[in-house]
Amino acid sequence: MLLILILVIYLIDRVNAIEKETRKVMTSIHEKSARVATPFMGLSSKKLWDAMTGRATEGLDAEAIAELRSQYQVVLSKHMEALYQEGFKDGQLGLSGEPKNTKQISTSKGLVESWIPSAQANALYQCGLNASQTPEADWAPIRASMDEAGQFLLSKTLLDTSSPLSDWLMPSLNPADTTAQNSQAVGAPAVEPEVSPGSALR
């Protein structure tokens, strides 16, 4: 009888342990499903930035991070563009402000709050502000400042840095300059349509 009692107690303990482990697995599956169904797996603001800059994020493996990074390019591009345009518009109105380093970004998966360091947010805003008040012929220092900020943000998030940010946001508006550049290049393509100062990669 004693042996039977010990066996029954052991079996009950094992069943309880299995049920506990099963609940843990099911909870993990539900949480993962919920993250997948939420834009950027529920990450936003600085938590999203931290994940993109290589800081450990609980519950996300390398494959999930890689998937997020493929979508994050659009978020960061729109955020940088918005800061530049904000500064440009304020400059046209004779205003000057201090931009926030967070911004709600619209994506195909829904809205997500983007965060970037304040120094780069201020730099991009100032580039827009200065560009609106400076002749295009004198934009070189502004482009350099913009490219420095863009290089920092893109490299920190392990995104493509091969194209200077000023090529997107501050394209040349002088047709003569564009034509001259194209004529110097061997096999250069036809001149592309002009782009407004506030335009960027969409």
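## Burial and surface

Of the 202 residues of the protein, 33% count as buried, a word that here means under 20% relative accessible area with a 1.4 Å probe and protein chains only. This is a predicted model, in which local features need pLDDT of at least 70 and side-chain atom pairs count only at pLDDT 80 or more, while totals for chains, interfaces and linings use all residues. Residues are numbered from 1 along each chain as its sequence is written, and side-chain values use heavy atoms, with hydrogens and water left out.

## Order of elements

The protein has 7 helices and 2 strands, which are DSSP runs (H or I, at least four residues, for helices; E, at least two, for strands) numbered from the N terminus. Along the sequence they follow the pattern α-α-α-β-β-α-α-α-α.

## The largest nonpolar core

A nonpolar core is a set of buried Ala, Val, Leu, Ile, Met, Phe, Trp, Tyr and Cys residues joined through side-chain atoms within 4.5 Å. The largest one has 37 residues, and those with the most contacts inside it include Tyr 72, Leu 124 and Met 170. Among the elements that give two or more residues to this core are helix H3 (62-92), strand S2 (110-115) and helix H4 (118-132), and H3 gives the most, with 10 residues.

## Helix H4 and Leu 124

The buried residues of H4 include Gln 120, Leu 124, Tyr 125 and Gly 128, and what covers the buried residues of H4 includes H3, H5 and H6. Leaving aside neighbours within four places in sequence, Leu 124 is in contact (heavy atoms within 4.5 Å) with residues including Met 80, Tyr 84, Met 146 and Leu 165.

Conventions:
Buried means under 20% relative accessible area, exposed over 50%, partly exposed in between (1.4 Å probe, protein chains only).
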